[in-house]
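Please look through the sequence and the model shown here before reading on. The briefing is meant for a student who is meeting such a description for the first time.

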Amino acid sequence: MSTALRAERNRAKPRFRQTTMKGSGKRSEEDRISSICDALRQAIIEQALKPGTKLPEDSLGECFGVGRTIARQALARLTAEGLVEHRRNKGAEVATPSWEEARDLFDLRISLERLVVSRLAGNLTPEQIAILRQHIAKEEAARNGREESSVRLATEFHTVLVELTGSPVLIRYVQEVCRRCGLTLTLYARPHSSDCAISEHIDIVNALEKGDAEAAMRIMSHHLEGVADRALISPTRIQKPSLMEILAPYAQACNGTKVHGSDLKTSKPAILHAGSRDDRGQKVYRS
């Protein structure tokens with residue numbers, strides 16, 4: 001081997017190792033951000049994180065064991081999805097949609113999900129029908145359990161449906177609007193009725209299996225209109241524990257480590273009341 005070739009190989013080796021390590025680090029950071037986003041989305045869907053809950057970067061970083069930069073990037077993603085909003089001089093907090101926005105979101109959701117079932121009717125395989133029925137079985141099993149689990153499973157039924165279309169565009173927008181509708185229900189809705197949701201989900205799957213697109217669209221419209229009709233004009237009173245208390249189980253699942261109660265910073269829960277409206281016409285809560 002010539003001296004020039006040997007020198008060239010020696011120069012190439014460190015560059016290769018550095019590039020690989022850098023790429024691996026970026027991938028690990030990306031996975032961490034995605035995991036935190038998933039945990040926060042679940043906390044929002046399950047109504048553990050209420051609208052208006054403050055999301056300080058340092059508290060999130062401490063909770064999930066990451067730096068403020070990663071926490072900031074996770075919050076930026078959720079802001080783009082409409083689940084988090086930034087207020088001047090107040091930082092990030094869970095979004096607080098107005099009642100008018102809630103009605104628009106449900107109108108959009110009904111149109112999108114009618115399109116979803118029209119695409120799926122008569123086009124699902126027996127295996128895909130089985131996936132939907134298995135999910136409904138999970139809803140039935142959770143009927144007498146925690147309401148948060150019932151709410152999450154009811155929402156996930158709709159995201160499972162749209163995933164069966166295989167359309168990235170539909171999947172993205174239906175998932176986003178479902179999560180944002182969940183925020184409005186936290187603020188404006190009567191208690192969740194799992195019995196009603198399960199029976200209507202069964203009817204939707206039956207219509208899809210029969211290939212009856214008109215029936216599937218009609219049932220879906222009636223189902224979502226019923227959910228929207230549970231919304232009240234007046235916001236509900238919200239109990240707000242500390243952020244560390246709320247996110248402890250989600251951080252534990254995200255990190256794969258046990259969180260002890262003694263490790264949490266606790267504070268006395270505050271009752272939030274409807275106050276005045278801000279300069280955007282949205283309701284502002286005060287303790």
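Predicted model: local features only at pLDDT ≥ 70, side-chain atom pairs only at ≥ 80, totals over all residues.

Residues are numbered from 1 along each chain as its sequence is written, and side-chain values use heavy atoms, with hydrogens and water left out.

**Nonpolar cores**

- A nonpolar core is a set of buried Ala, Val, Leu, Ile, Met, Phe, Trp, Tyr and Cys residues joined through side-chain atoms within 4.5 Å, where buried means under 20% relative accessible area, exposed means over 50%, and partly exposed lies in between (1.4 Å probe, protein chains only).
- The largest nonpolar core has 37 residues, and the members that touch the most others are Val117, Leu132, Leu161, Ile204 and Leu208.
- Two or more residues of this core come from each of the helices α4 (99-120), α5 (126-141), α6 (147-163), α7 (168-188), α8 (194-210) and α9 (213-229), and α9 gives the largest share, with 8 residues.
- Helices (H or I, at least four residues) and strands (E, at least two) are DSSP runs, numbered from the N terminus.
- Leu161 is in contact (heavy atoms within 4.5 Å) with Val116, Val117, Leu120, Leu132, Ile204, Leu208 and Met220, if neighbours within four places in sequence are left aside.
- Another core, of 30 residues, lies apart from the largest one, and its members include Ala39, Ala43, Leu75 and Ala251.

- Helix α7 has 21 residues and reaches 30 Å from its first C-alpha to its last, close to the 30 Å expected at 1.5 Å a residue, the expected span being 1.5 Å times one less than the number of residues.
- This helix is mostly covered, since 16 of the 21 residues in α7 are buried.
- Thr184 has its place in helix α7 and is buried, with a relative accessible area of 2%.
- A polar atom of the Thr184 side chain lies 2.6 Å from the backbone oxygen of Cys181.

**Cysteines**

- The structure holds 0 disulfides, a disulfide being counted as a pair of cysteine sulfur atoms within 2.5 Å.
- Cys178 is in no disulfide, and the nearest cysteine sulfur, that of Cys181, is 6.6 Å away.
- Cys178 is buried, with a relative accessible area of 2%, and Cys63 also counts as buried, at 12% relative accessibility.

**Strands β1 and β2**

- Strand β1 (residues 84-87) and strand β2 (residues 91-94) run antiparallel and are joined by 4 bridges, and two strands pair if DSSP finds at least two bridges between them.
- Val84 stands opposite Val94 in β2.
- The two strands, β1 and β2, form a hairpin with 3 residues between them, and Asn89 in the turn has a positive phi of about 65 degrees.

**Two residues of helix α5**

- Arg133 is found in helix α5 and is partly exposed, with a relative accessible area of 31%.
- Although Arg133 and Val205 are 72 residues apart in sequence, they are 7.7 Å apart in space, C-alpha to C-alpha.
- Not counting residues up to four places away in sequence, Arg133 touches Val205, Asn206 and Glu209.
- His135 lies in helix α5 and is buried, with a relative accessible area of 7%.
- With residues up to four places away in sequence again not counted, His135 touches Leu153, Glu156, Phe157 and Val160.

Technical notes. Polar contact = N/O pair within 3.5 Å; in protein donor to acceptor, adjacent residues only side chain to side chain.
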